[in-house]
Amino acid sequence: MKNIKKINLSNMTSVIALLVLCVAISIAEPAFRTVGNMINILQQVTVIAVIALGINVVIFTGGIDISVGSVVGFTGIIMGKIIVEKGLFPVLGVAAALSIGILCGTFNGIMIAKFKLQPMIATLAMMSMARGAALTLADGQTITGYSDGFRWIGVGVIGSTQIPVQILFMILFYILAYYLMRYRKFGRYIYSIGGNEEATRLSGINVDKYKMLAYTISGFCSAVASVILVAKLNSAQSTAGENYEMDAIASCVIGGTSLLGGFGSVWGTFVGAVIMIVIRNGLNLLNVSSNLQKLVIGVVILLAVLADSIRHRPGKVK
Amino acid sequence: MKRRILAVLVMMVMVSALTACGGSDTSETSGGASGGESLEEAGGIEIAYIVKAKTDEFWTTMEKGAYAYAEEKGVKLSFQAPEKETDVEKQVQMVENAVNKGVDAIILSAADSKSLVPAIVKANNAGIPVILVNDTVDDEALEAEGGHVETYVGIDQYEAASLAGIYAAKSIKDGKVCYLEGISGVKAHGDRLNGFKDQVETFEVAASQTAKCDRNEAFNVMQNVLSANPEVNTVWAINAEMGQGAIQAIEQGGFSGKVQVFDFDASSDDVEAIKNGTLTGSVAQFPDLQAEAAIQACLDVIDGQTLAEHTKTKAELITAENVEEFGAAE
Amino acid sequence: MANDYIVEMEDITVKFPGVLALDQVRFNAKPGEVHVLLGENGAGKSTIMKVLAGVNTSYEGRIVYKGEEIAARSVEEQRERGVSIIFQEMNLLKNLTVAENIFLGRQPLARTGIIDWKKMNLDARSLLDAIQSDISEKAMVSSLSVGQMQMVEIAKALSFKSNIIIMDEPTSALTEKEVQALFNIIKQLKKDNVAIVYISHRLEEIMKIGDRLTVLRDGKYIATVNVADITMDQMVSLMVGREMTDYYPKVNVPPGDTLLEIKNVKQGRLLKDLSFYARGGEITGFYGLMGAGRTELMRVVFGADPYDSGEIYIKGKKENIKNCEQAKRLGLALLTEDRKNQGLILEFDLSSNISLSNLDTAMTAFGLNAAKEYEKNQRLADSMNVKTPSLKQKAKNLSGGNQQKVVICKWLNADADIVIFDEPTRGIDVGAKAEIYKIMNGLKEQGKAVIMVSSELAECMGVSDRIYVMHEGEMTGIIEGQDMKHMTEELIVGFATGIQKSKGGE
């Protein structure tokens, strides 16, 4: 189970980095280490973490999906139209959003698996189409005014524990994903496709099917993230999700997922997302300019990728 | 393994280094940050000033004015913004972080008139007064959530825009106008559009499109509009960047002198343009005065005063007639 | 002492993670001799030459070259000194022409500083002519066969005017004609006082071309002898450390039912109308030269490539095979010709590789069980005698022979009934070869249908129960039953070159 062993190693690096980061920031700004701030951070991480979850699966297969941000925007507007404008049950709106997310993802999957388009190009097209759809449908507007029942996902807390619903939801989602990737055949096939697609195909595995499923999952996760986002902000903007794909990919990379495919872990990506938000949150509390934050995150990504390439340096033995 | 530890160490050094130099963003030392709780005792007031972005000269002028006034008053100020005006979630997170940090007041220029409401409510619940500046939030939405702001500091956007509209109505015959709109969902932009529009009802509308407050986009939109409608003789852009973009498109297209351009904000580019005749008029909002008023409002609230719903600040139409004075005052 | 030898290597030790690849090995070469390096896979022959060539720079020990002690720090440095190496895995750039590859980085320049294409092509042409190759210097490398690429590599090494040329398994993918051409070149080089280090398994070739022979075993130096003073059997004993009596073990098993039959399969211009059948309890051999279409045929059978027309019957039932998943379900298995890139996921561990064809064996009600999976795979690996410290090793770290065994384990895991081996022993030493033949016999005894595609005539003749011979997409000969007793090498090669077509063949 070398994969699993490897996962533990890469997990360790990012967890250590996270701890070091937290300690460093806590020393400089005590407001960071309050329970309130910790909860804040976990809340701020939910949307990106869920998107990253989906994109992670795609990256495992050696592909990429840059349409996720646009799908978040698109599905958000769909919910706005159905729940606010048409006044129908929130459940219907959510169901529609999830369906659209699945549809977009599957469309990407078909383009890539069946028509052999390059993932970057196919998802670039979807990125444009979904964003255009969102802007057109909503006429560039924002749709607000959701029912309390719907908003519970984004702002509710669980009884006396006061743990926000969205955090619990995110954790459960991740546990589910971990189970799927580690304990089901699906997960193993996904890793194998990333490791060597042709060898996997020649081992009698329907590579096209699993590649397609990966993109479907990515679209689905974007839709789920959108539900959380709209519930949190009580509004769906047509521009929502812009650039989120970059943050999501960064989370995966920082967490140890190799962009070449075949390596990485579910929890690593979670840690990666948390690191991103911790940096943002910490630097915000320290009054560091937003622009400088981007620089820091860029450096962190670079370090993470360097660590990744050192780990996977091709060894010459024979 | 060695290299991994090294990577982590480097990251730690980086973050520490940045936290040290991060102090440049605040007016006072960040070394005193560790005594965050003791600031109250020292009599220092901490205000979080969160705007939509720093990409427009308008905001940097406001920032300068804010820090200057804060220093004068001995107030600790943190002027923050996301990288883009459209990054609403980030701005919400900034407000949440400020609430969590326990600042004494929050000044906010909302990126979206409805999405910031939940964050405002969080501030209300924590007992932190919220003052809006330059951009309002949607009153209905605010009321529905049970949120409340101390005051809105800013010009009356509609009134200010109409200054330009009145001038245009007087000086232009047979107007054929192109409108360069702003970002939908931002009430201020809508008010500016209508303020001008309502004064020139007799003008024929050739086009009305958004260029998202961006200079480049405005250039492209203007170019396209001019090709389709070469008789356009009036342009109303609801911000300076778009006005500049339009001016460039007009120059390049060979329409110089044939189109009268009006915009909003009176940036330094605008001042130059008015001087050399490519811009007919611009509505100045004096963002630095707005910042002063906003900070003063915070201090007043903390002092126990109740504020008016709208703290109106100055707006003036700058044209060739008064541009020299205005330029000097800048 | 410096006068006799062009290079002397002493006490060379190389360590890889978990493996002592070379243990104080010594080697020397004289100008103008062909010095053969012999040993099983994993013995260290490639490794020590990679040290000399500057590929493997982390080593301990002394190298004395042209009388001076040197440190081999890089390929470029060694090449400048006059040491060239031709790898078993081609190092050519597929999207450039032959001439461009030969002169990569040292293109002749005209006075203006621009590349002189005409001169480059002319020089390339004369190099190719010197080795009697009819490859066009303007051809794209991507269009060449493996054998032709090897020729280009040789031409490239020649262009460097080296003092020592190391050839790592140079003939593994060459036709008879090309091998002869290579030997002629080697003889020419000897006259020019170039030392040739020749790494090979092919004992007959060694007898023909070698002057001296050094044997390595398990990373240790065993002996150096003159080729003239040794027999092939003795070579094998030195290599393996034991007596080898049976090169091609054969077991007698009564043939069972026809498990696989194909009729009139056509594919584009490659497969022209092929029919064959394979029965349980038999090893059906496929012989042919490069380009005969055997690999393409097997890929069609396994669903890896589509076919235009024809019928495939599995266990008597007609099937329309559309993909590998379906083929696997029907009981087929294909061990590809390119085991590294198509048979294994090199970056993954052995256990994951073995499980790939069949994860059901590792499933419990809850899901994949790591312990159960590992245990099953360990048993398979042990039964195949895979030499590795643990199944957690990455597949890329194993020797060729062991890699092949892992691929076999993968398909044993799937419990296939029709097992197709495409060049199963290419690049594998004698000891491991025998093990693989034993495995094939074992499958035979279980009643499975074994198909073996092979380019080694002796192997084909020795191991198969029936032989099909193909030439350029057609079945030119079938040898079965009584004919197996009377067949000759000339007969089979005749079919393979298309000179003859047997009555039954089509």
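Of the 506 residues in chain C, 47% are buried. That figure, like everything below, comes from a predicted model.

Stay with chain C for its overall build. The chain holds 18 helices and 20 strands. Its C-alpha trace spans about 70 × 50 × 50 Å along the principal axes. Does the radius of gyration of chain C agree with or depart from that of a compact globule? A compact globule of 506 residues would have a radius near 23 Å, and chain C has 24 Å, so the two agree. The contacts in chain C can be sorted by separation in sequence. Take those between residues at least 6 apart: 69% of them join residues at least 24 apart.

Next, look at where chain C meets chain A. Here 33 residues of chain C are in contact with 26 residues of chain A. Four helices of chain C each supply at least two residues to the side that touches chain A: α10 (324-329), α11 (339-343), α12 (350-355) and α13 (370-383). Which of them gives the most? It is α10(C), with four residues. By type, this side of chain C divides into 14 nonpolar, twelve polar and seven charged residues.

Now move into chain A, to a pair of helices. Helix α3 spans residues 68-85 of chain A, and helix α11 spans residues 244-254 of chain A. Their axes come within 6 Å and cross at roughly 130°. From α3(A), the contact is made by A:V68, A:G69 and A:V72. From α11(A), it is made by A:Y244, A:E245 and A:A248. The residues of this contact divide into four nonpolar, one polar and one charged.

Strand β4 (residues 130-133) of chain B and strand β5 (residues 151-154) of chain B pair in the parallel sense over three bridges. B:V133 has B:V153 of β5(B) as its bridge partner.

Key. Residues numbered from 1 in each chain as written. Chains lettered and ligands numbered in written order. Predicted model: local features only at pLDDT ≥ 70, side-chain atom pairs only at ≥ 80, totals over all residues. Axes fitted to C-alpha atoms, helices over the stretch in contact; angles between N-to-C directions. Contact = placed C-beta atoms within 7 Å. Nonpolar A, V, L, I, M, F, W, Y, C, P; charged D, E, K, R; others polar. Pairing = 2+ DSSP bridges. Rg over C-alpha atoms; globule rule 2.2 N^0.38 Å. Buried ≥ 20, exposed ≤ 12 C-beta atoms within 10 Å, placed from the backbone.
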